[in-house]
Amino acid sequence: MPFAHEVGPMHTDHPHLSITGANTATEKFSLVQTLRSFCLYLDVQKEACPDTICLMMSLRTALLRLALIALSVILGAFGTEWSVKYNQQEICALKGSTVFMNGTFTHPEGLTVTEAFWTIDPVPGVKPTDLSKDPVYSGRVAFFTDEQKHFSLKLSDVMKKDEHQFCFRIKTNVGKERWLGKPGVQLRVTELHVEAPEEVTEGETADLTCKTTCSLTGPTFIWYKNGRPLTKKPIESNQLHLQTVSSEDAGSYSCAVRGSQHLRSTAHSLRVRYPPKNISVSISPSGEIVEGSSVTLTCSSDGNPPVKIYTWFKGSTPVGAGKTYSFAIIGSEDSGEYTCQSRNDHGDRNSTAVYLNVFYPPKSVSVSISPSGEIVEGSSVTLTCSSDGNPPVKIYTWFKEGGTSPVGSGLSYSPRQSGSYYCEARNELGARKATAVSVMVKGIPYAVIYAVAGVGCGVIVLGVISVFLIRNKRRVKKNEDHLVDTVYSEIWARSATTDAALNGSACQEVVYANVSPSRPEENSKAESSPVKTSVCTAAVEGEVKEESLEDEAQYSSVRFHRCSPSDRYEGESVDNPSAIYSSVKRKTH
């Protein structure tokens with residue numbers, strides 16, 4: 001390894017060197033190094049010179065080489081000389097990392113190292129600068145040496161501008177004895193970055209590479225997706241292979257080197273092209289939808305490229321387009337299932353259907369009559385109320401036109417009278433009335449029916465009374481007939497005109513003083529119970545027939561004259577003022 005050194009007391013600006021004044025071993029060693037450099041210089045120059053001159057230069061170079069060999073043999077007798085060896089001539093470091101530069105050195109015997117430091121990019125003729133005193137590196141560098149002549153440099157927070165050649169500088173107790181290890185360590189600063197396609201199509205493959213501008217020493221890599229490690233263990237390869245890419249592989253990828261995980265690469269965004277997915281429909285406002293309110297449906301989807309074409313369906317019928325579908329004033333007819341179709345360059349897909357359930361008060365309220373047609377008296381008629389409402393109608397009330405009070409409730413109603421009837425349907429959102437329908441019952445009006453029923457009942461009652469009276473009358477008549485058939489045993493005339501009556505006209509009236517009834521079945525009783533001696537006078541009209549010599553007269557009729565109630569027979573009542581007697585006996589005095 002060649003070493004750059006600083007020449008002590010010997011200075012020369014001419015290519016012809018002199019070793020005059022080289023009294024110390026250090027100076028002699030320096031002369032040897034100078035001779036070597038000069039020989040190299042001559043080798044370069046002779047390649048571009050004419051043949052004659054080149055021959056002369058070759059001879060001179062050969063002489064110098066012989067002198068150089070002789071001088072080296074002589075210097076070897078003086079022991080250890082100056083040397084600086086670096087462990088690495090070139091280092092690749094990550095930006096932001098900490099780097100170490102190490103090596104060993106030797107110096108001639110009898111010298112003591114008084115100062116050692118690092119400098120960058122030394123320039124001949126310019127005094128090297130201690131890095132620790134440079135404001136750019138102050139606080140970021142640290143020097144270390146030990147008795148075994150090891151040295152090192154620690155450089156923290158490496159930056160891109162730190163890309164220089166770092167050299168180790170030694171000073172001893174002898175002012176002229178100093179050394180600069182040149183060439184030094186070349187520092188390269190790099191950053192990690194992910195090299196990958198920006199966009200792939202779902203189903204394809206993709207390779208991601210963690211790249212650097214210089215070669216790191218024995219790195220192992222760690223991959224991250226969206227800030228989280230993809231692998232549990234570091235991998236030696238700087239490449240990540242994605243087989244059969246899906247939409248889930250889209251994201252931000254970065255890489256890092258083990259030991260410097262905090263120094264991740266700049267994130268690389270991998271985009272995956274795929275058809276729409278995760279399509280959904282949201283309803284605003286949420287909750288119960290009431291007829292007349294404003295409702296908006298919004299379609300959401302995930303796709304790359306983003307979805308720009310949206311189509312809305314009610315059932316299977318297209319009803320609109322765009323990301324949103326709105327109802328300014330929603331009606332009951334808008335109830336139903338709605339789906340959204342999303343489309344991009346890679347395909348289309350439909351959302352799951354959502355159901356719009358619109359609540360509204362009763363409508364289309366009507367009354368139907370069963371059976372239809374003419375209603376015959378005595379048959380049954382039913383009115384049924386129909387309505388449309390959401391929630392469904394559960395309360396039905398029936399009214400008769402002209403009245404204010406309900407006449408019935410329920411889905412159906414059976415009227416008992418002719419008239420116009422309607423129903424009222426009610427749910428939680430309101431009520432509505434149906435158009436009235438007329439019910440006409442053909443036949444005798446109910447009032448007539450009631451009157452006929454009343455008359456019939458009266459006839460029945462009168463019939464019962466009549467039967468009772470007839471039976472009673474028959475009983476009375478029977479009694480009368482019994483009285484008429486009674487044969488009177490004695491009739492006493494009160495006047496002397498009786499004889500004249502017998503001889504005179506049959507129309508002459510005879511007044512009897514006493515009439516005793518003689519009933520065959522009651523003769524014995526009549527005898528023991530004589531009748532009242534005083535009776536009403538009677539005129540007997542009839543034809544007198546003398547059938548025998550006995551003093552008996554047969555009368556065809558007897559006419560009684562009414563008298564006061566006190567003159568009646570005790571225990572008897574005379575309903576008929578006339579009675580026909582079969583026989584009247586007349587007694588003369």
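1. The side chains of Asp162 and Arg140 meet in a salt bridge, 2.9 Å from N to O. The term covers a side-chain nitrogen of Lys or Arg within 4 Å of a carboxyl oxygen of Asp or Glu. Asp162 sits in the loop between strand 6 (150-155) and strand 7, and Arg140 in the loop between strand 4 and strand 5 (141-145), so the pair ties together parts 22 residues apart in sequence. Strands are DSSP runs of E, at least two residues, numbered from the N terminus. Both Asp162 and Arg140 are buried, that is, under 20% relative accessible area with a 1.4 Å probe and protein chains only; exposed is over 50%, and partly exposed lies in between.

2. A word on the model: it is predicted, local features need pLDDT of at least 70, side-chain atom pairs count only at pLDDT 80 or more, and totals for chains, interfaces and linings use all residues. Residues are numbered from 1 along each chain as its sequence is written, and side-chain values use heavy atoms, without hydrogens and water.

3. Which residue does Glu115 pair with in a salt bridge? The partner is Lys171, with the closest N and O atoms 3.9 Å apart. This pair links distant parts of the chain: Glu115 is in strand 4 (residues 113-120) and Lys171 in strand 7 (residues 165-172), 56 residues apart. Glu115 is partly exposed at 30% relative accessible area. Lys171 is partly exposed too, at 24%.

4. Glu424 forms a salt bridge with Arg426, at 3.7 Å between the closest N and O atoms. Glu424 is buried at 16% relative accessibility. Arg426 is partly exposed at 37%.

5. Salt bridges also link Glu198, Glu199, Arg271 and Arg273 in a network. The count of salt bridges comes to 10.

Note on methods
Helix = DSSP H or I, 4+ residues; strand = E, 2+ residues; numbered from the N terminus.
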